[in-house]
Amino acid sequence: MKMTYDRLAAGERIRKKRILLGYTQDETAEKIDRAAKYYADIERGSCGMSIETLLALSKTLDMSLDYIIYGECTNKEELAKNNEEICAIMEIINSSPKERSYILRLLKLFLAYHN
């Protein structure tokens, strides 16, 4: 199987992880020390990115390079970690609207304090 880099798919994976972490595009651009417009173009898949930008995104969003570029997890630890995150998210999604609202407020507060 030939592995290829699809900028649109990579941008979508980056966007989903950013949203999962509760960051805005502007916050993420600042964290990776890039212009907001450039970061937005990466998420849209309308431009590629340098190795330095790719590494900064990998670190900031806690994503492997293989997953960003190819959409594949290459090791069992990463698969297990992703499955745990997905299960936790599904539990939140399946809670009551009041609980979801409360959880969202807590996450935003946590992320604001943590950063």
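Which residues are exposed on the other side of helix 4? Select Ile51, Glu52 and Lys59, which are exposed there (over 50% relative accessible area, 1.4 Å probe, protein chains only; buried means under 20%, and partly exposed lies in between). The model is predicted, with local features needing pLDDT of at least 70 and side-chain atom pairs pLDDT 80 or more, while totals for chains, interfaces and linings use all residues. Residues are numbered from 1 along each chain as its sequence is written, and side-chain values use heavy atoms, without hydrogens and water.

Next, select the buried residues of helix 4: Thr53, Leu54, Leu57, Ser58 and Leu61. Viewed down the helix axis, they fall within an arc of 140° (taken from the directions from the axis to the C-beta atoms), so they line one face of the helix.

Now display helix 1 (residues 7-21) beside helix 4 (residues 51-61): their axes come within 10 Å and cross at roughly 35° (lines fitted to C-alpha atoms over the stretch in contact, with angles from 0 to 180 degrees between N-to-C directions). The contact (heavy atoms within 4.5 Å) involves Ile14, Lys17, Arg18 and Leu21 of helix 1 and Leu57, Thr60 and Leu61 of helix 4.

Centre the view on Ile14, which touches Tyr39, Ile42, Glu43, Met49, Leu57, Leu61, Met63 and Ile68, leaving aside residues up to four places away in sequence.

Finally, select Asp62, which follows helix 4 and has a positive phi, near 55°.

Definitions and conventions. Helices (H or I, at least four residues) and strands (E, at least two) are DSSP runs, numbered from the N terminus.
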